[in-house]
Amino acid sequence: MRLTPRRSVRAEDRFETWLAQRYQKQVLESGVIAPGPCPDDAFLCDLARKASRISLSDPRVGHAASCPKCMNRLLKLREELHSRRPTLVLAFAAASCLVVAAGLISVARHRVRKPVFVANTMIVSETVNLWDAGTLRGQRPSPLQSVLLPASLVRVKIVLPRFSPPGQYEVAVTRDQAGNDVQAHATVTATSNDAREELSVELDLRKVAAGPYFLSTTHEQDRASYYYPLQIK
């Protein structure tokens, strides 16, 4: 499927249309699922039906513009919408095309400035074993050896320290032990494995510069953050 505007008045419009089409083709054929959960059908339907009312700053718009699954679904919804209401085809096409093209062009221009290699889009699996690790709060110095994670899209299995409670945890990568300058963040529910509580979380560290950071975990009830030295390599 292709986004094909009916006409382009200026050379700049034709260039941006061409750029959007090229980027759309790249996303649809890449097969690389964008990080994070996909928007539900209700949001995609709303995007196809009332695209001009949706803020481009909504992270779900950026996800839909980068995810082949979401983009394919969005285009199908637009086709279904147009087939049911042929008298509004031009109006919907114009509104949807403007928003989707703007999102595609914004992401495409960013990628032109900073190329992303295929290897950098692969999910790297890592394990962080904190079972025998002490936990630190606040600014106390850490005696722990740094945990190592690559500057990639990583799926991390975290074995929590002994006696850690079950439930939901917030996992973050921060610049310091005060929780400042959050580099990546996710909320997951712990699972029990042979009396150990484990977390499985995806963290996008592709834009994080190499150097020292902290990996923090925060339980939903305790709300106290525990920090572990982390090296991004």
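Q: Where does Asp132 lie?
A: This is a predicted model. In it, Asp132 lies in the loop between strand 1 (123–129) and strand 2 (147–149).

Q: Is Asp132 buried or exposed?
A: Asp132 counts as exposed, at 64% relative accessibility.

Q: And what joins the side chains of Asp132 and Arg162?
A: A polar contact of 2.5 Å joins them. In sequence Asp132 and Arg162 are 30 residues apart, while their C-alpha atoms are 6.8 Å apart in space.

Q: Turning to charges, how many salt bridges does the structure hold?
A: There are 6 salt bridges in the structure. One of them pairs Arg73 with Asp41, and the closest N and O atoms there are 3.0 Å apart.

Q: With which residue does Arg206 form a salt bridge?
A: Its partner is Asp204, with 2.8 Å between the closest N and O atoms. Arg206 is partly exposed, with a relative accessible area of 24%; Asp204 is likewise partly exposed, with 31%.

Q: What about Asp58: which residue is its salt-bridge partner?
A: Asp58 forms a salt bridge with Arg60, and the closest N and O atoms are 3.0 Å apart. Asp58 is buried, with a relative accessible area of 18%, whereas Arg60 counts as partly exposed at 39%.

Q: What does a side-chain oxygen of Asp58 reach at the start of helix 3?
A: That oxygen comes to within 2.9 Å of the backbone nitrogen of Arg60. Asp58 therefore meets Arg60 in two ways, through the salt bridge and through this approach to the backbone, under the 3.5 Å cut-off for a polar contact.

Q: Staying with helix 3, which of its residues are buried?
A: Helix 3 spans residues 59–66, and its buried residues include Val61, His63, Ala64, Ala65 and Ser66. For His63 the relative accessible area is 9%.

Q: What does His63 touch, not counting residues up to four places away in sequence?
A: His63 touches Ala34, Pro35, Gly36, Pro37, Cys38, Pro39 and Cys70.

Q: Is Cys67 buried or exposed?
A: Cys67 is buried, with a relative accessible area of 0%. Cys45, by contrast, is partly exposed, with a relative accessible area of 23%.

Q: Now the aromatics. How many aromatic pairs are there?
A: The count comes to 1 aromatic pair. The ring centres of Phe214 and Tyr227 are 6.3 Å apart and the planes stand at 85 degrees, so the arrangement is edge-to-face.

Q: Where do Phe214 and Tyr227 lie?
A: Phe214 is in strand 8 (residues 211–219) and Tyr227 in strand 9 (residues 225–232), so their pairing ties together parts that are 13 residues apart in sequence. Phe214 is buried, with a relative accessible area of 17%, and Tyr227 counts as buried at 7% relative accessibility.

Q: Which residue lies over the face of Trp131?
A: Arg196 does, at 4.6 Å from the ring centre.

Q: Back to strand 8: is Thr218 buried or exposed?
A: Thr218, which lies in strand 8, is buried, with a relative accessible area of 7%.

Q: And what is Thr218 in contact with, leaving aside its neighbours within four places in sequence?
A: Thr218 is in contact with Gln168, Tyr169, Glu170, Arg223, Ala224 and Ser225. With Ser225 there is also a polar contact of 2.7 Å between the side chains.

Note on methods: Residues are numbered from 1 along each chain as its sequence is written. This is a predicted model: local features need pLDDT of at least 70, side-chain atom pairs count only at pLDDT 80 or more; totals for chains, interfaces and linings use all residues. Side-chain values use heavy atoms; hydrogens and water are left out. A salt bridge is a side-chain nitrogen of Lys or Arg within 4 Å of a carboxyl oxygen of Asp or Glu. Buried means under 20% relative accessible area, exposed over 50%, partly exposed in between (1.4 Å probe, protein chains only). Rings of Phe, Tyr and Trp (its six-membered ring) pair if their centres lie within 6.5 Å; planes under 30 degrees apart count as stacked, over 60 as edge-to-face and the rest as tilted. Helices (H or I, at least four residues) and strands (E, at least two) are DSSP runs, numbered from the N terminus. A charge sits over a ring if NZ of Lys or CZ of Arg is within 6 Å of the ring centre and within 35 degrees of the ring normal. A polar contact is a pair of N or O atoms within 3.5 Å; within protein, one must be able to donate a hydrogen and the other to accept it, and residues adjacent in sequence count only if both atoms are side-chain atoms. Contact means heavy atoms within 4.5 Å.
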